[in-house]
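User: I would like to learn how to read a model of this kind, feature by feature. Could you take me through the general idea each time, and then the case at hand?

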Amino acid sequence: MSNEPMNDDDVSATRGDLRALKSELKAELASKQDLRALKFELKAELVSKSDLKNELRDVERRLSAELAQHANAIMEANRTDMRAMLDPLLSLPARVEKLEASKPRRRSAR
């Protein structure tokens with residue numbers, strides 16, 4: 001086996017060159033592992049955020065249903081109040097007719 005250079009240069013790599021290349025490769029591998037860890041953390045964060053979104057949607061649905069119940073209760077209370085106020089007015093024509101029928105008519109003086 002010959003010890004020929006692997007590139008187009010005619011100069012062989014020294015031990016120092018190889019050590020420098022080794023440390024560069026280690027640093028690159030470490031950064032890639034850091035990137036993998038960061039990617040894993042980001043995926044976990046996204047999953048937790050989607051869980052949070054689902055929880056928020058559930059809270060929104062419950063609050064919306066509760067708000068609808070309160071709105072319906074308020075509308076029903078308003079209807080009851082309006083009926084209580086309008087009932088005397090609705091029976092007014094019948095009461096007026098009854099009063100007019102029972103009251104003697106005056107003759108006009110000429």
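**Reading the model step by step**

User: Where is M85 placed in this structure?

Analyst: Bear in mind from the start that this is a predicted model. M85 has its place in helix α1, and the protein chain as a whole has two helices and zero strands.

User: How many residues does helix α1 have, and what distance does it reach from its first C-alpha to its last?

Analyst: The general idea is to set the span of a helix beside the one expected at 1.5 Å a residue. Helix α1, which runs over residues 15–90, has 76 residues and reaches 108 Å from first to last C-alpha, close to the expected 112 Å.

User: Is M85 buried or exposed?

Analyst: Here a cut-off is needed, since a residue counts as exposed when its relative accessible area is over 50%. M85 has 53% relative accessibility and therefore counts as exposed. For the protein chain of 110 residues, the share of buried residues is 0%, and the accessible surface comes to about 11,300 Å², with 58% of that area belonging to carbon and sulfur atoms.

User: Which residues form the nonpolar patch on the surface?

Analyst: M85 is one of its members, together with M82, L86, L89, L90, L92 and V96, and the accessible area of these residues together is about 670 Å². Both α1 and α2, the latter spanning 92–102, supply at least two residues of the patch, although α1 gives the most, with five residues.

User: Turning to charged side chains, how many salt bridges does a search of the whole structure find?

Analyst: Side chains of opposite charge can pair when their charged atoms come close. A search of the whole structure finds four salt bridges, and I will go through some of them. One joins K32 and E28, whose closest N and O atoms are 3.8 Å apart; both residues lie in helix α1, four residues apart, which is about one turn of the helix.

User: Are K32 and E28 buried, partly exposed or exposed?

Analyst: K32 counts as partly exposed because its relative accessibility is 40%, and E28, at 43%, likewise counts as partly exposed.

User: What separates E45 and K49 along helix α1?

Analyst: E45 and K49 are separated by about one helical turn because they are four residues apart in α1, and their side chains meet in a salt bridge at 3.9 Å, N to O. E45 is partly exposed at 42% relative accessibility, as is K49, with a relative accessible area of 46%.

User: What is the N to O distance where the side chains of D58 and R61 meet?

Analyst: The side chains of D58 and R61 meet in a salt bridge at 2.9 Å, N to O. Both residues are again in helix α1, three residues apart, about one turn of the helix. D58 counts as partly exposed at 36% relative accessibility, whereas R61 is exposed, with a relative accessible area of 55%.

Definitions and conventions. Residues numbered from 1 in each chain as written. Predicted model: local features only at pLDDT ≥ 70, side-chain atom pairs only at ≥ 80, totals over all residues. Heavy atoms only, no water. Expected span 1.5 Å × (residues − 1). Patch = residues over 30% accessible without salt bridge, like charges linked within 9 Å, V, L, I, M, F, W, Y side chains within 5 Å. Areas by Shrake-Rupley, 256 points an atom, 1.4 Å probe, with all protein chains shown as cover. Buried < 20%, exposed > 50% of the residue type's maximum accessible area, 1.4 Å probe, protein only.
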